[in-house]
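Me: I have a structure open and want to go through parts of it. Can you take my questions as they come?

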Amino acid sequence: MLQNYFKIAWRSLRKNKGFSLINILGLAVGMAVAMLIGIWVWDELTFDRFYKNEANLYRIMLNRTANGETTTQPNGALPLGNVLRTEIPEFKRVVESLNTNLRAEDGLKVGDKKLICKGQNVGNSFLQLFDLPMRQGSPATALQEPNSIVLTEQTADALFGQTDPMGKTVRLNDAFDLKVTGVLKKLPTNTAWDFHFLVPFSHLEANAPWIESSRTNWNNNVIEYLVELHPNADPAKVDQKLRGIIKRHNPESVFEAFLHPVEKWHLYGEFENGKNTGGFIRYVRLFGIVGLAVLLIACINFMNLATARSEKRAKEVGVRKAVGSFRSQLIGQFLSESLLIAGLALMLALVLALLFLPVFNGITQKQLWFPWTKPGFWLLSLGFTVLTGVLAGSYPAFYLSSFKAVRVLKGSVRVGRNANWPRKVLVVAQFTGCIAFIISAILVYQQIQYAKNRPVGYNPDRLLTVSLTNDLNRNYEAVRNALLGSGAVESVTKASSPATTITGDTRVDWAGKAPDEIMRLNLIAATPDYLKTMGIKLKTGRDFYANGADSVSAILNEAAVKAMRLKNPLNQELSFVWDPGTKLRIVGVVENSIIESPYTPVNPLILISGRPFERYVIFRLAPNLNTTEALARIEPIFQKFNPAFPFDYQFVDDAYNRKFRQEELIGKLAGVFAVLAVFIACLGLFGLAASLAEQRTKEVGIRKVLGASVVSLWGLLSREFVGLVIVACLLASPVAAYFLNEWLSQFDYRISLSIWVFVLAGGLAILIALLTVSFQSIKAALMNPVTSLRSE
């Protein structure tokens, strides 16, 4: 019986090749979209979930409450580590982690091979904590010696090639010789770990000058603490113990520690007023729903085309029932056709998904792949196909099998007309989703452009950043003079933060501060010419003196002046809480500049000079040279004064544009899915228009004989579809407005919803629908009435 079902189903598909192709192509595109989104969602949901003991792994987070506002950060002070080990027995392991000596980049050298890469100083049980896979070495001993280094597989191959790296020496930052004690296997791509080598935290303790002063300093929060609980420990009770642990040792502290589990690091990383408010998980859920919605639109195509052509199959149902077929057998027959189409669509969907996977990877900036060798993938794909086939074919199967044999064979049932209302509802549902996608794509694009066009307060054009190494710092004046003398650079400075990130903040006191007020300002330490190099404008006052004699001067931005309520800021004094004896005099006020998020208000900022905190060289290329020629002149200078490192630089405008990466991802995906959803819906609309035009062939012929024009017939056959799309516009607009308002509410700097966007999306949908159905409408209107009347 089953074989007979599929044999008849195959004959039916061959008989109606055009409609079969539309069904298969529509379903295939929908299934391919769902597959691509599915592997993306799975990649996000399994992010950092490959650790064997993940249920017991946590990060120590800190809530900072000041002036009635609570912010959350992942870093704590150095003394916190020993306190966690001695006062909370539920911790099996406590591990420190931070960028190697607070550097963003490091230099590794082996012979003539030099690399710029990222490193981490970690506690000696880091590898055991996360059970990271090792190609060589032991997780228990690899980080025990202070002068040891563990390389990733890629770094080891880049430095040593085919030579065994174990026991070999690597030069770190042209200052330390470290012995290779381990090589890590390549980590999965869906992990937050982004390092090329690991160095024991004990090496930092032995060599970093700032460590000694930080051993009792509870305000220098630069270390990330990663912990593992004993299997029988209660996380809720441990969390309660953590809440007051910092204040017990530092009563004046504004920090409170708590646990954040590893499974929430990636998707639940946003906090508001000390409470976890979600994070990227909202986009994972959103696009999971979008994938299902696109597939549903494809399934609606099948339902619509099957019911639209029901009159063609009504006699088939009548004859089958007359010769003894049961309704259940007819349902089985029609479902078998649906499953056959879904099976063929699956094969085409796999081909489409494979072809477009590189493009999808480029959009999402991931390295996704199909797990062809895993049985689970094929079981899931087959189950997914059966579900799609049943979902798409259930309504037509039950609808067609419900026809009464006697009425159908007498010709007294016009089943095409009876199916109008369900079909109209499905078309409206299709286009409601499509129009919502179009509105979303337009508004996401608008929001990104709005933020990109926000005045940044400095000039990022031809501005470059280079990490400050020991050699560059020691020879800075010579480097600066050489750069300026090359004719390729017009201005140079050193700073503690790169141009697009703030790496430090500080608490300040001043005469007008309320007794219980806590004021923290973002801090940038820089040499003179910082404002000139960055292109930041002074609003009042002066810049730092060029001779470097401004170690007790400070420059504030407008946000800091407002936050500190300074009516006449010039010449007023302030001091750092950690250095109350040194009074700083405000000598200038600069306009606000966007150094952090382009979507949030500018934070209060203090600039100081004459302090040895700088970690970056920032310089601006001369405008009279092209970039290639300027870099060719600059590179020999850095090679001369910084021989242990390759010339590695970063354009500030590129770094700034990366701040929009997440929103651009959302915009690109929304645009792509909008186009695909519209394509699938139009594919179905095309087939539906063809079917309905065929049903009205006799009506069109009679109207034409009676004098109807081609234009009037085109309007007759098209207006029903246009009306349905207009209804879809009215339904999609408030739904899209609600969800987009929710999305926009997360940005302080955002656009407002404009009515023209909804009108544009609706007009575009109507135009697309009209163009889609016009081909079939005009074709029917142009048909010779003699031919159309004979066909009936």
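Predicted model: local features only at pLDDT ≥ 70, side-chain atom pairs only at ≥ 80, totals over all residues.

Me: Fine. Leaving aside neighbours within four places in sequence, what is leucine 45 in contact with?
Reply: Leucine 45 is in contact with Leu267, Ile281 and Val284, with neighbours within four places in sequence left aside.

Me: Which helix is leucine 45 in?
Reply: Leucine 45 belongs to helix α2, residues 17-45.

Me: Buried or exposed? How should I class leucine 45?
Reply: Partly exposed, because its relative accessible area is 37%, and that class lies between under 20% for buried and over 50% for exposed.

Me: And what separates the C-alpha atoms of leucine 45 and asparagine 190?
Reply: 9.3 Å, for two residues that are 145 apart along the chain.

Me: Moving to the largest nonpolar core. Which residues touch the most other members?
Reply: Trp40, Phe287, Phe431, Ile435, Ile439, Ile524 and Tyr530, out of 110 residues in that core. There is also a second, separate core of 33 residues, with Leu80, Leu84, Ala208 and Ile245 among them.

Me: What does tryptophan 40 contact, leaving aside its neighbours within four places?
Reply: Its contacts include Phe280, Tyr283, Val284, Phe287 and Phe360. Thr364, Lys366, Leu368 and Leu665 are in contact with tryptophan 40 too.

Me: Now α8. Which of its residues are buried?
Reply: Val238, Asp239 and Leu242 are the buried ones in α8, which runs over residues 235-243. These three are on the same side of α8, because the arc they cover around the axis is only 105 degrees.

Me: What is on the face turned away from that buried side?
Reply: The exposed residues Lys237 and Gln240.

Me: What do the buried residues of α8 pack against?
Reply: Several elements: the strands β1 (57-66), β4 (91-99), β13 (223-229) and β14 (255-261), and the helices α3 (79-87) and α9 (245-249).

Me: What happens at the start of α8?
Reply: Aspartate 234 has a side-chain oxygen within 3.1 Å of the backbone nitrogen of alanine 236.

Me: Last topic, the open sheet with four strands. In what order do they come?
Reply: The order is β18-β26-β17-β27, with antiparallel pairing. β18 (489-495) and β27 (650-651) are the edge strands, each pairing on one side only.

Me: How many bridges join β17 and β27?
Reply: Two, in the antiparallel sense, with β17 covering residues 463-467. Leucine 464 stands opposite phenylalanine 651 of β27.

Me: Which helix packs on the sheet?
Reply: Helix α21, residues 627-641, touches β17, β18, β26 (616-621) and β27. The direction of α21 makes about 145 degrees with that of β26.

Terms used: Residues numbered from 1 in each chain as written. Heavy atoms only, no water. Buried < 20%, exposed > 50% of the residue type's maximum accessible area, 1.4 Å probe, protein only. Arc of directions from axis to C-beta. Contact = heavy atoms within 4.5 Å. Polar contact = N/O pair within 3.5 Å; in protein donor to acceptor, adjacent residues only side chain to side chain. Core = buried A, V, L, I, M, F, W, Y, C linked by side-chain atoms within 4.5 Å. Pairing = 2+ DSSP bridges. Axes fitted to C-alpha atoms, helices over the stretch in contact; angles between N-to-C directions.
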